[in-house]
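Trainee: I would like to learn how to read a contact between two chains. Please take me through an example.

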2 protein chains.
Amino acid sequence: MKIVTEKTITDIKNIKAAGFISGLKKSGKKDFAIIYSEKEAVAAATFTKNKVKAAPVLMDMEHIKSENTQAIVINSGNANACNGAQGLEDAKTMAKEAATILNLKPEEVLVSSTGRIGVPMPMDIIKAGIVKGCAELSYQGGGDAAEAIMTTDTFPKSIFVETEIGGKVVSIGAIAKGSGMIHPDMGTMLGFIVTDVNISKELLSKALKATVNDSYNMVSVDGDTSTNDTVIVLANGAAENTKITEENEDYLKFKEALEFVNKDLAKKIAKDGEGATRLIQCEIHNAASDLDARTCAKSVITSSLVKAAFFGGDANWGRIMCSLGYSGANLDPNKIDIGFVDGDRVVKIVENGFETNFDKEEVHQIILRDEVYIDIDLKDGKAGAVAWGCDLTYGYVEINGTYEL
Amino acid sequence: MKIVTEKTITDIKNIKAAGFISGLKKSGKKDFAIIYSEKEAVAAATFTKNKVKAAPVLMDMEHIKSENTQAIVINSGNANACNGAQGLEDAKTMAKEAATILNLKPEEVLVSSTGRIGVPMPMDIIKAGIVKGCAELSYQGGGDAAEAIMTTDTFPKSIFVETEIGGKVVSIGAIAKGSGMIHPDMGTMLGFIVTDVNISKELLSKALKATVNDSYNMVSVDGDTSTNDTVIVLANGAAENTKITEENEDYLKFKEALEFVNKDLAKKIAKDGEGATRLIQCEIHNAASDLDARTCAKSVITSSLVKAAFFGGDANWGRIMCSLGYSGANLDPNKIDIGFVDGDRVVKIVENGFETNFDKEEVHQIILRDEVYIDIDLKDGKAGAVAWGCDLTYGYVEINGTYEL
């Protein structure tokens with residue numbers, strides 16, 4: 001598998017995209033995108049588990065059942081959440097209008113929205129956006145689409161990989177957005193993946209679910225699960241590999257590439273969390289079970305006290321121990337090692353539950369880097385997990401604690 | 001039941017206390033307290049559920065089994081957590097030294113510590129503190145003790161109530177501390193309650209557990225459960241009421257007063273959360289079950305996005321709906337009403353899941369008050385719950401994100 005940095009989603013065969021300004025955002029930034037597969041494609045998706053689900057999520061949960069999915073219409077600037085029956089009607093209108101222009105059935109179109117909750121969708125702007133977007137679809141539009149789905153993201157998140165499956169080059173391109181706001185508002189995680197792999201809908205769905213669990217689901221910026229979180233993958237088969245219909249070697253190879261893509265985007269989302277100055281990765285080794293490992297990793301990167309300590313460059317291992325202790329996971333405090341990764345080595349600051357005689361200034365400098373890697377050994381079993389988060393800063397409070405009438 | 005504002009714990013019959021500077025805190029503030037009952041007393045306690053438990057918590061879990069408990073030794077400035085066998089030895093030494101001077105058995109003494117994790121206890125200072133504290137015990141020492149247990153608390157937390165049980169005046173006095181730090185550090189909740197009620201140890205324990213659940217356990221400042229959290233109640237029987245040995249009317253009256261005391265201290269702790277500018281109370285009405293009500297109330301006041309919105313005075317109900325939705329509680333988003341309490345009335349901002357036509361500026365002003373009361377009706381059953389938190393501010397980041405080598 002290789003990473004191709006200069007390529008994006010529209011470098012996948014038969015994939016077109018567009019990204020532009022429709023006028024939804026007060027800032028005047030790009031706010032509308034369409035991703036389109038000229039060829040028929042199978043799709044899989046995972047949606048927020050929040051009981052308060054945005055209208056497009058509710059609609060997509062039905063549309064994803066379609067055997068064919070060829071378009072995704074995306075807007076930023078309005079979440080279309082808590083808008084009741086009208087919201088659902090608006091989401092359906094978005095799918096229908098795009099379907100008409102693209103000569104598809106409405107259920108072959110998915111819709112994603114992100115922005116403030118509880119604001120009616122300005123359907124005149126949305127409808128004009130759909131017309132414009134369908135007209136502007138091109139093989140060069142991937143970069144614009146990556147920009148158009150951003151809210152307070154400070155950089156577009158994109159990844160492209162190639163692998164060989166059954167003698168054919170298979171590509172996966174993906175874009176994502178992390179937490180952001182337009183007004184002081186709700187952040188949302190959206191991810192859109194396109195691939196030319198030839199695969200059954202069932203196995204595409206299986207691969208997505210398996211890889212989402214260890215990637216996006218291991219990210220926390222602030223512990224708040226959005227009403228709109230969505231990850232969609234479209235596979236149009238243009239790579240012409242022998243169709244993957246069982247969990248064979250080809251499937252594992254595709255899944256591996258998909259996992260890489262999802263973890264890469266997950267890390268980028270964590271790194272670009274609201275107000276963040278650094279990425280925090282927490283890797284757990286030798287936990288009693290997968291669940292214990294995952295619970296510990298997420299507890300550390302979710303703790304406000306740990307996050308604030310890392311903002312200050314403070315190797316406050318007591319807070320890490322504490323967050324492990326209240327996580328609910330099985331562990332023995334007196335067996336825990338904690339360290340920070342510095343290139344090839346791990347600088348241990350806790351061994352068997354006690355502080356080592358570490359160099360405070362050296363570790364302070366390690367924690368001040370853009371990316372901080374915490375390494376925790378529970379010595380309790382063989383399971384491991386990795387989670388990604390960011391520091392808690394004045395910037396987070398400023399972004400989310402500023403009020404404009 | 002009446003609140004007596006001018007009284008404190010040492011106004012309970014046969015209760016003495018001391019609070020003073022032992023030299024544990026670099027700031028030179030009071031850091032050592034002893035509470036002592038001249039009469040034999042029964043005790044009950046609840047401790048942190050964190051798997052990483054401080055040494056005094058581990059020791060107290062044994063000592064609390066004693067039929068008699070007459071003294072509590074408390075230090076701030078060092079948590080005595082993650083100090084291994086030496087930490088436990090030090091906690092035992094603290095109990096033993098105090099017991100010797102006060103002519104008690106070691107197991108009749110409890111110990112509480114709060115401060116930075118993983119720093120060895122300076123036992124010379126501690127031992128001198130015990131000698132001094134035992135010598136200075138007095139019927140006027142309650143106020144000093146309330147001060148000595150503070151860390152970054154901005155005001156001492158104290159409450160005193162009187163009620164009549166079996167024709168006798170029964171008093172309950174209590175002091176507590178909330179989240180704080182000496183260095184950028186771990187916050188800890190400590191609460192110490194003394195009462196002259198005559199009650200069996202079993203029922204005292206039952207009353208404490210029942211009331212802790214709806215008071216301290218419904219508070220969140222930052223979602224981090226400390227290694228040292230402890231609530232202890234001592235009952236010395238000096239009120240000479242007929243001993244409470246069953247769940248009769250006397251028991252219910254005592255429990256009611258104890259519940260008032262615990263809720264009062266819980267609110268004070270939330271209000272004085274690190275960096276907080278305002279108290280946030282969230283009351284849930286008509287939930288399907290007690291668990292649903294509690295889960296919803298805590299989810300709202302724990303959400304970083306909700307907390308930041310309240311710092312800015314933003315009635316961002318989308319964030320409240322979102323935090324209800326991901327709480328895991330049973331609810332129907334389309335039935336939810338959300339409002340803010342303004343004196344006798346509730347200003348509804350959401351009705352059946354949708355925004356009402358509320359006056360934005362009026363609600364903005366309500367949210368800018370020192371105490372903000374959110375009122376949520378789930379219309380799903382008959383259960384209710386109340387939780388207390390505070391806003392998320394630049395101050396929290398400053399307190400916890402500043403590093404000194």
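Mentor: We will go through the interface and then a surface patch. Keep in mind that this is a predicted model.

Trainee: How many residues does the contact take from chain B and from chain A?

Mentor: Chain B gives 56 residues to the contact, and chain A gives 56 residues.

Trainee: What is the area buried between chain B and chain A?

Mentor: The size of an interface is often given as the accessible area lost when the parts come together. Here the buried area is about 4600 Å², and carbon and sulfur atoms give 62% of that area. On the side of chain B, 14% of the area buried against chain A is supplied by Lys51(B), Leu305(B) and Tyr403(B), more than any other three residues supply.

Trainee: How many salt bridges and polar contacts does the rule find across the interface?

Mentor: Two salt bridges are found between chain B and chain A. Asp314(B) forms a salt bridge with Arg116(A), and their closest N and O atoms are 3.9 Å apart. Eight residue pairs are in polar contact across the interface.

Trainee: Which helix of chain B gives the largest share of the side that touches chain A?

Mentor: Helices H8 (304-311), H9 (317-325), H10 (360-367) and H11 (394-400) of chain B each supply at least two residues of that side. The largest share, six residues, comes from H9(B).

Trainee: Which residues make the nonpolar surface patch of about 270 Å²?

Mentor: Met1(A), Ile3(A) and Phe260(A) make that patch. Phe260(A) belongs to helix H6 (residues 249-271) of chain A. Phe260(A) counts as partly exposed because its relative accessibility is 30%, between the limits of 20% and 50%.

How values were computed
Residues numbered from 1 in each chain as written. Chains lettered and ligands numbered in written order. Predicted model: local features only at pLDDT ≥ 70, side-chain atom pairs only at ≥ 80, totals over all residues. Heavy atoms only, no water. Patch = residues over 30% accessible without salt bridge, like charges linked within 9 Å, V, L, I, M, F, W, Y side chains within 5 Å. Areas by Shrake-Rupley, 256 points an atom, 1.4 Å probe, with all protein chains shown as cover. Salt bridge = Lys/Arg side-chain N within 4 Å of Asp/Glu carboxyl O. Helix = DSSP H or I, 4+ residues; strand = E, 2+ residues; numbered from the N terminus. Buried < 20%, exposed > 50% of the residue type's maximum accessible area, 1.4 Å probe, protein only. Contact = heavy atoms within 4.5 Å. Buried area = accessible area lost by both parts, 1.4 Å probe. Polar contact = N/O pair within 3.5 Å; in protein donor to acceptor, adjacent residues only side chain to side chain.
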